[in-house]
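Please consider the model shown below. The briefing that follows treats its sheets, its symmetry, a pocket and some backbone features.

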2 protein chains.
Amino acid sequence: MSAPEAKRQRTQPPYELLYHPGIPGRGEYIRLVLEAAGTPYSEPAREKGKAGYDAVLATCSPTSTGDADGNPPVFAPPALRVPGAGKDGRALVISQTPNILQYLAPKVGLAPADEADALHANQIVLTALDLSNETHDSHHPIAVSLYYEDQKDAAKQRAKDFRENRIPKFFSYFERSLKGNEESGGGKYLVGDKLSHADTTFWQVIDGLLFAFPKELEARKGEFPLIFGKFYPGIKEEKGLKEYLASDRRLKYSQGLYRHYPELDRE
Amino acid sequence: MSAPEAKRQRTQPPYELLYHPGIPGRGEYIRLVLEAAGTPYSEPAREKGKAGYDAVLATCSPTSTGDADGNPPVFAPPALRVPGAGKDGRALVISQTPNILQYLAPKVGLAPADEADALHANQIVLTALDLSNETHDSHHPIAVSLYYEDQKDAAKQRAKDFRENRIPKFFSYFERSLKGNEESGGGKYLVGDKLSHADTTFWQVIDGLLFAFPKELEARKGEFPLIFGKFYPGIKEEKGLKEYLASDRRLKYSQGLYRHYPELDRE
């Protein structure tokens with residue numbers, strides 16, 4: 001262990017990401033922030049088997065009114081547990097992906113220092129997560145409680161609108177955000193002149209969409225020169241992220257938030 | 001003007017809510033925070049006619065790369081403009097409903113002071129806004145670009161799942177959050193012992209659902225005694241809110257986020 005690494009492990013609280021095992025999902029937005037910052041964290045559901053995942057599920061049990069540390073119930077994973085950071089030195093448990101990102105980013109050195117920049121980073125995170133949710137709904141437009149196969153016709157209609165109207169609308173917004181910040185960010189950063197949680201979050205959405213809708217994105221690359229020419233390839237080379245993306249800690253897409261159904265993609 | 005009111009008007013920056021005129025929509029979540037706090041604000045689209053609404057639309061123009069004050073483009077209203085609060089004393093413009101609420105709440109005295117409580121309030125706000133989004137999608141499951149009439153069959157399927165699975169899942173979460181905080185909040189407040197933006201936001205979602213799905217909510221009232229016995233009736237009596245809800249500033253529901261289609265409600 002190098003000296004700076006040893007120091008970070010002593011001074012950072014032991015962050016615990018509470019999420020499903022085996023899928024990148026919404027947990028990935030949080031992993032990318034921690035990995036980009038080089039911050040140690042654990043994932044009980046991946047490291048401690050059934051007992052670890054049971055602890056995750058207990059936070060969002062349909063009968064929970066909160067935990068013994070005074071934290072309210074969680075609606076759905078991901079949640080973040082931080083021993084010692086809650087009331088009276090107890091564990092803090094927080095949920096909702098944007099809430100977790102906004103809490104973590106300044107603590108691990110990934111949030112812009114300027115207040116206006118931090119607010120703008122958060123607004124971009126929320127917009128990227130809206131696109132993430134719409135991606136999910138493109139294969140589940142009727143109900144999360146039904147199989148894809150039972151809502152396939154509606155999914156085809158929704159995916160068509162998603163590809164033709166929503167992807168270009170969202171990507172135009174991100175392209176213009178990069179353009180407006182080009183003097184500072186060089187097309188590589190959405191806010192300011194260094195990596196923030198806005199970048200890692202939008203990057204993950206692009207990466208998921210490249211898996212889910214490869215033909216659609218290939219056809220549209222030319223419309224968004226900063227996103228595909230500078231941002232997407234640039235962020236994946238960032239320190240911390242590059243090593244992580246090449247490691248076996250990075251989970252493969254499968255049947256989660258980002259799914260590849262060829263019949264939903266462009267023909 | 002009373003002395004405290006005069007003082008507040010001198011010390012509060014002139015908040016400008018940039019939103020569509022004529023509908024409560026997502027702007028209402030922000031109005032409720034400002035009204036509950038007794039904070040003055042203006043709405044250009046409601047007060048300055050076409051020129052006012054044009055200024056709102058300019059922030060989210062599909063060709064904007066940001067404004068002259070250094071703010072990035074807005075994806076969609078609502079946005080909040082705060083003269084003097086941006087970089088170098090220029091105007092700050094921020095968007096995304098939860099971002100605006102989280103910015104405003106501590107500034108107008110509506111956010112919990114304790115860090116853990118503030119994070120929990122924000123997680124509840126985000127979950128209430130997820131329910132708000134799912135309500136919208138119950139009448140527009142295929143595409144926002146299509147009329148309701150053109151996606152009516154899919155809407156019937158989605159609304160059925162929304163009523164049978166999603167409303168009870170979300171309401172159970174809020175009921176349990178109220179229960180876990182009952183010692184402090186008495187069933188009336190979601191976090192701590194006084195009104196926060198978590199309360200105003202969830203209250204507005206219930207109120208919108210009572211308009212959109214009156215039969216479904218009537219049938220379920222008994223399942224959620226704190227929500228319907230303490231919280232919903234209690235919050236509407238809060239200082240600031242009571243006066244606002246009785247005033248003509250409170251806009252009527254119509255064809256926005258919350259819509260009443262009898263065929264989507266419980267039979």
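Two strands are taken as paired if DSSP finds at least two bridges between them. Helices (H or I, at least four residues) and strands (E, at least two) are DSSP runs, numbered from the N terminus. In these terms, R81(B) stands opposite V93(B) in β4(B).

This is a predicted model, in which local features need pLDDT of at least 70 and side-chain atom pairs count only at pLDDT 80 or more, while totals for chains, interfaces and linings use all residues; side-chain values use heavy atoms, with hydrogens and water left out. Residues are numbered from 1 along each chain as its sequence is written, and chains are lettered from A and ligands numbered from 1 in the order in which they are written.

**Sheet of chain B**

- Strands of a sheet pair through backbone hydrogen bonds, either parallel or antiparallel.
- Chain B holds an open sheet of four strands in the order β2-β1-β3-β4, and its pairing is mixed.
- The edges are formed by β2 (41-42) and β4 (92-95) of chain B, each with a single partner strand, so one side of each is left without a neighbour in the sheet.
- Strand β1 (residues 15-18) of chain B pairs with β2(B) in the parallel sense over two bridges, and Y15(B) stands opposite Y41(B) in β2(B).
- β1(B) and β3(B) run antiparallel and are joined by three bridges; here L17(B) faces L80(B) as its opposite residue in β3(B).
- The pairing of β3(B) with β4(B) is antiparallel and spans four bridges.
- Helix α5(B) lies across β1, β3 (79-82) and β4 of chain B, and runs at about 125° to β4(B). For this angle, axes are lines fitted to C-alpha atoms, for helices over the stretch in contact, and angles run from 0 to 180 degrees between N-to-C directions; contact means heavy atoms within 4.5 Å.

**Sheet of chain A**

- In chain A, an open sheet of four strands has the order β2-β1-β3-β4, with mixed pairing.
- Its edge strands are β2 (41-42) and β4 (92-95) of chain A, each of which pairs on one side only.
- Strand β1 (residues 15-18) and strand β3 (residues 79-82) of chain A run antiparallel and are joined by three bridges, with L17(A) opposite L80(A) in β3(A).
- Helix α5(A) lies across β1, β3 and β4 of chain A, at about 125° to β4(A).

**Relation of the two chains**

- Chain B is superposed on chain A by a rotation of 180° with 0.0 Å of shift along its axis (RMSD 0.0 Å). The two copies are thus related as by a two-fold rotation axis.
- The superposition is by least squares on the C-alpha atoms of residues with pLDDT of at least 70 in both copies.
- In chain B, the C-alpha of P141(B) is nearest the axis, at 2.9 Å from it.
- The same surface serves both copies, as 100% of the contact residues of chain B recur in chain A.

**Second largest pocket**

- On a 1 Å grid over the protein atoms alone, a cavity is a set of points where a 1.4 Å probe fits but cannot get out, and a pocket is an open set with protein on both sides within 12 Å along at least five of seven lines; lining residues have an atom within 4 Å of a point.
- The second largest pocket contains about 590 Å³ of space, where grid points are joined across faces, edges and corners and a volume is the space filled by probe spheres set on the points.
- Its lining has 23 residues, of which Q102(A), Q102(B), Y103(B), P106(B) and L119(B) lie nearest the centre of the pocket.
- The elements that give two or more residues to this lining are α5 (97-107) and α6 (115-139) of chain A, together with α5 (97-107) and α6 (115-139) of chain B. α5(A) gives the most, with six residues.
- By class, the lining has twelve nonpolar, seven polar and four charged residues. Ala, Val, Leu, Ile, Met, Phe, Trp, Tyr, Cys and Pro count as nonpolar, Asp, Glu, Lys and Arg as charged, and the others, Gly among them, as polar.

**Backbone features**

- The peptide bond from P77(A) to P78(A) is cis, with omega near 5°, and P78(A) is placed in the loop between α4 (49-59) and β3 of chain A.
- P77(B) and P78(B) are likewise joined by a cis peptide bond, with omega about 5°; P78(B) is in the loop between α4 (49-59) and β3 of chain B.
- Q96(A), in the loop between β4 and α5 of chain A, has phi near 75°, a positive value in a residue other than glycine.
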